[in-house]
Structure formats: structure tokens, C-alpha cells
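Trainee: Could we go through the ligand sites of this model together?
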Amino acid sequence: MTISILGAGAFGTALAVALSANGPVTLWGRSIGWGRENPRLPGVTLPAPVAVTDDLGAALAAGTLLLALPAQALRPFLDDHGPALDGRRLVNTAKGIDLDRLTGPAQLLAEACPAATIATLTGPSFAADIARGLPTALTLACADAETGRALQHALSTPVLRLYRTTDLTGAELGGALKNVIAIAAGVVIGAGLGDSARAAIITRGFAEMTRLATRLGARPETLTGLSGLGDLTLTCTSPQSRNFRFGHALGAAADWDATTTVEGAATARAVAALAARLGEDMPIAAMVAALAEGRVSVDKAADMLMTRPLKEE
Ligand SMILES: NC(=O)c1ccc[n+]([C@@H]2O[C@H](COP(=O)([O-])OP(=O)(O)OC[C@H]3O[C@@H](n4cnc5c(N)ncnc54)[C@H](O)[C@@H]3O)[C@@H](O)[C@H]2O)c1
Ligand SMILES: O=P(O)(O)OC[C@H](O)CO
């Protein structure tokens, strides 16, 4: 299986390093002047089997394309290049919901590339951990079981262990929604509200994730897997997470570098819009959207969540 990775940020670069254990990999980026060490992944030198290019046509020679662009960049990218990607195996790795369309990456890919087979690779994994060769387990989701099995084998390495599922919707939504809850967890810790409050946010956030995802067609058991609960656990508890750190900065009223990729901020707004459309109750996601837009203070947000009507768990 010939593989190219589109998007040379931290994650695309880390995947290139990991997959080079299996053979040659092409890594495409729109700006690759950094040579063999990507500043988004400091301290990691690309191994010899990784070819880096800014020539999209050359990267598209592969039959399997891993897309490692930020979620909000995917739709504009497909507007420009969708037809050129069609007919391949397309494996999305972005974790988010498109703000304009209110759909996940798989739907965007299916519409832009109707003859392609769509999959997602998701789960608890920091780019730096993968690039350092630390053991990592991920979910490979593809509605077509045969292609899913082939991708699972082609993209696993001795330290990157892939589980597979045909529940693409559930795997994709778990990865997108956990980022929103991770921001909330960061706010709690940044504001000094304590570990007990964080456990409450994780648990009630997981209930929100499951409610929305199953309403959109996900299987409940997918949400308890690596792509849902697994990634939620990682992102809500580690300062390596950009979503958690962004929330922490909000909670602590600290400065934040706006060039950092924080998928959960846009996804919270998309979730709030989706929840309103579907009549679903998503109070934590709504609060994250309001906090990220500066429409509510941290004190007010905590107060509003704590004084909602009492209910059954
Ligand atoms: N970093 C991680 O630990 C990690 C782990 C798992 C999944 N992901 C997911 O991977 C996706 C990418 O994250 P990242 O960490 O690589 O982000 P990043 O900020 O490190 O890099 C994003 C890259 O995308 C490029 N880019 C943006 N818009 C583009 C466009 N229109 N055309 C071409 N390139 C464009 C940027 O130049 C940059 O190189 C996110 O959805 C993230 O949730 C990241
Ligand atoms: O740094 P974050 O918050 O984007 O998280 C990276 C990955 O999604 C963790 O699985």
C-alpha cells in the first residue's frame, strides 16, 4: 500500500515518522522550508524513508492518503483539491466538526470525493509520543470492513497498535467531542476549581458526548472505546493537550497564543448549533462555546452549570 500524508503539522509529521517503520512514506506540506526537523515537532528528525514535498501532485501518486489538516481547514482544502483526491483510500485524522456545514470530516470527504473509500484514524495519541516511538493504541474506522482490515494492517507498527471498527460516525464524533470537554476540564483546573470538579466535568461531558453521538447514529460501545473515552481521558488529564491548555488559560485568565491549533473551540460552537437544531441538551458544550467567545465569565459559567435543575443521573 503506497502512503502519502497530506498536512505537515505536528500530527502529520509524527505519523510519517511512525509509518516509515513499514516502508517509504511521502509527507506533503504547503510550506516545508524546515528541512528534516519540523518546528511543530521539535527534537524529531525525519528518518530516511520519509520523502517531504510541497508538490501535491507528487503526493497524490499514492493509493492511500492520510489527511492531517486541522478540521476547519479541510473543507477549503477539498474545495480546491477534492477532485484530485477522488478514487483513493482517504484516511482522515482531523478531530472536529466543520463550523459552516455542521458535519464531520468523513461527510465532507464523501461529498468532495464520491468515488473514494473513507476511513478515520483516531484515538488517544500525542504527536510527540508517537514520534518518539512510545506505545500507542488507536482506532481505525471504516464502514467497508475489508478496507478497514487492510488499513489496520498497513498502518500498524510494532509500537502503533490499531483496533478497527465499522462505526465511522461514532469514532469520528468521539474524537471531535472530547476536545470540547477537554477545554472545560482545563478551565476547571486553571480556575482552581479542583480535581473533584474535573471528574464531574469528564463524567457529565462523556454523557453529553454519548447523547449527541448516538443521536447522530453512533453505536454507544464506540464511545466507550479508544476514540471516545480513551481520548477523553488523555486530553482532560494531560497538559500536553492544547485543548486542555487553552481551557487552562481561559480559567486562569492567562495569555494564549492564537496561532495554536485548538480544535475544540470551533467544535464547541458547531456542537451548540447542532444541539439547538436537534433539541439536545448539551450544557457543558454550550458553556465552552460561550467561554471561548468571551460571552460569559468563568464564575458565571460554573454557577450556571451547578444551579441547573436537579435530575436523575
Ligand atoms: N498534535 C497531536 O498530538 C494530534 C494528535 C491526534 C490528532 N491530531 C489532529 O490532527 C489535526 C492536525 O493537528 P496538528 O497537531 O498536526 O496541527 P498543527 O497546528 O501542528 O499543524 C497544522 C498543519 O496544517 C497546515 N495547514 C493548515 N491549513 C492548511 C491548508 N489549507 N492547506 C494545507 N495545509 C494546511 C499548517 O500549515 C500546519 O502545518 C487536528 O485535527 C488534530 O486534532 C493531532
Ligand atoms: O493537543 P490536542 O488537545 O489537540 O490533543 C491531541 C490529540 O487529539 C490527543 O489524542
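Trainee: Which residues surround ligand 2?
Mentor: Ligand 2 is surrounded by Lys95, Gly123, Pro124, Ser125, Phe126, Lys178, Asp231, Leu234, Thr235, Ser241, Arg242 and Asn243, where a residue counts as near if one of its heavy atoms lies within 4 Å. The model is predicted: local features need pLDDT of at least 70, side-chain atom pairs count only at pLDDT 80 or more, and totals for chains, interfaces and linings use all residues. Residues are numbered from 1 along each chain as its sequence is written, chains are lettered from A and ligands numbered from 1 in the order in which they are written, and side-chain values use heavy atoms, with hydrogens and water left out.

Trainee: Which side chains have an N or O atom by an oxygen atom of ligand 2?
Mentor: Those of Asp231, at 2.6 Å, and Asn243, at 2.8 Å. A backbone N or O atom of Arg242 is also 2.8 Å from an oxygen atom of ligand 2.

Trainee: How much of the accessible area of ligand 2 does the protein cover?
Mentor: The protein covers 93% of the 310 Å² that ligand 2 has on its own (Shrake-Rupley method, 1.4 Å probe).

Trainee: And ligand 1: which residues come nearest?
Mentor: Of the 21 residues around ligand 1, the nearest are Arg40, Ala127, Arg242, Thr261 and Glu263.

Trainee: What distances do the backbone atoms there show from an oxygen atom of ligand 1?
Mentor: A polar backbone atom of Ala127 is at 2.8 Å, a backbone N or O atom of Ala10 at 2.9 Å, and one of Lys95 at 3.0 Å. The protein covers 87% of the 830 Å² of accessible area that ligand 1 has on its own.

Methods. A polar contact is a pair of N or O atoms within 3.5 Å; within protein, one must be able to donate a hydrogen and the other to accept it, and residues adjacent in sequence count only if both atoms are side-chain atoms.
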